[in-house]
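I opened my notebook to go through this chain piece by piece. These are my entries, in the order I looked things up.

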Amino acid sequence: MKRIILFAALALLLTFSATGIGAGKLDTIANFTSNGGELNVATYTQDNDKVGLIGITLTKKVSYAATRNEWDSFIKLWEKAAQMNSTTTQFIGSIKETETTDPTLVLITAGPGVRFTLETANGSFSYLLAKSDYDKFDAGIRQVAKYLGTN
């Protein structure tokens with residue numbers, strides 16, 4: 001069932017459909033735009049199954065879907081990246097989707113901003129989050145964590 005939820009979540013985020021597939025529900029929590037790119041933080045729910053989503057839109061739309069435990073790991077990487085104060089880019093870490101046949105790899109680097117890169121079968125997609133957006137992003141991913149922790 002989790003694999004179906006992840007595929008449905010990916011399909012929803014790729015199309016950014018507000019109506020969803022079947023009984024599922026997609027909610028965008030936070031949205032960021034810069035230089036023609038877009039970064040989204042969202043949730044997807046179908047029945048009692050929930051995932052958190054990070055999506056990047058450039059020439060294509062791609063996403064990373066995570067369960068509660070995976071989302072907690074993502075938050076830890078984010079916290080480390082947000083605390084980085086450097087003029088040069090430093091690799092922070094990575095996390096990969098599980099229970100899917102086409103997993104997305106998330107790479108996080110930090111320096112003058114935090115860069116999220118989603119590596120997919122369709123290519124590499126990056127978004128640089130400006131320091132001025134850190135508080136809004138942090139609030140968004142923590143809202144997702146709270147949502148994923150409830151049943």
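First, a term for later: a crossing is left-handed if the near helix is turned anticlockwise from the far one by less than a right angle, and right-handed if clockwise. I also noted how helices and strands are assigned: they are DSSP runs (H or I, at least four residues, for helices; E, at least two, for strands), numbered from the N terminus.

**Entry 1: ground rules.** The model is predicted, so I kept in mind that local features need pLDDT of at least 70, side-chain atom pairs count only at pLDDT 80 or more, and totals for chains, interfaces and linings use all residues. Residues are numbered from 1 along each chain as its sequence is written, and side-chain values use heavy atoms, with hydrogens and water left out.

**Entry 2: the whole chain.** I counted the elements and got three helices and eight strands. Along the sequence they follow the pattern α-β-β-β-β-α-β-β-β-β-α. Of the 151 residues, 46% count as buried. Buried means under 20% relative accessible area, exposed means over 50%, and partly exposed is in between (1.4 Å probe, protein chains only). Then I looked at contacts, where contact means heavy atoms within 4.5 Å. Among contacts with a separation of 6 or more, 47% join residues 24 or more positions apart.

Entry 3: I traced an open sheet of four strands in the order E1-E2-E3-E4, with antiparallel pairing. Two strands pair if DSSP finds at least two bridges between them. The edges are strand E1 (25–34) and E4, each pairing on one side only. From one strand to the next, the twist averages 20°. For angles, axes are lines fitted to C-alpha atoms, for helices over the stretch in contact, and values run from 0 to 180 degrees between N-to-C directions.

I zoomed in on strand E3 (residues 49–57), which pairs with E4 in the antiparallel sense over six bridges. These two strands form a hairpin with three residues between them. Ile54 stands opposite Tyr64 in E4. Gly55 stands opposite Ser63 in E4. I also checked cover: strand E4 (residues 61–66) has five of its six residues buried.

**Entry 4: Thr43.** Is Thr43 buried or exposed? Thr43 is buried, with a relative accessible area of 2%. Thr43 lies in strand E2 (residues 37–46). I left aside neighbours within four places in sequence and listed the contacts of Thr43: Lys25, Leu26, Asp27, Ile29, Val51, Leu53, Val144 and Tyr147.

**Entry 5: the other sheet.** Four strands form an open sheet in the order E5-E6-E7-E8, with antiparallel pairing. Strand E5 (90–96) and strand E8 (123–129) are the edge strands, and each pairs on one side only. The twist here averages 20° from one strand to the next.

How many bridges join E7 to E8? Seven bridges join strand E7 (residues 113–120) to E8, and the two run antiparallel. E7 and E8 form a hairpin with two residues between them. Arg115 stands opposite Leu128 in E8. Phe116 has Tyr127 in E8 as its bridge partner.

**Entry 6: helices on sheets.** I followed helix H2 (residues 68–83), which lies across E5, strand E6 (105–111), E7 and E8, running at about 175° to E5. Next I turned to H3, which lies across E1, E2, E3 and E4, running at about 10° to E2.

**Entry 7: helix against helix.** Two packed helices are described by the angle between their axes and the distance between the axes. The axes of H2 and helix H3 (residues 134–148) come within 10 Å and cross at roughly 160°. That makes H2 roughly antiparallel to H3, because angles over 145 degrees count as roughly antiparallel, under 35 as roughly parallel, 65 to 115 as roughly perpendicular and the rest as oblique. The crossing of H2 and H3 is left-handed.

Which residues meet there? From H2 I noted Trp71, Phe74 and Trp78 among them, and from H3 the list includes Phe137, Ile141 and Val144. The contact of H2 with H3 divides into 11 nonpolar, no polar and five charged residues. Here Ala, Val, Leu, Ile, Met, Phe, Trp, Tyr, Cys and Pro count as nonpolar, Asp, Glu, Lys and Arg as charged, and the others, Gly among them, as polar.
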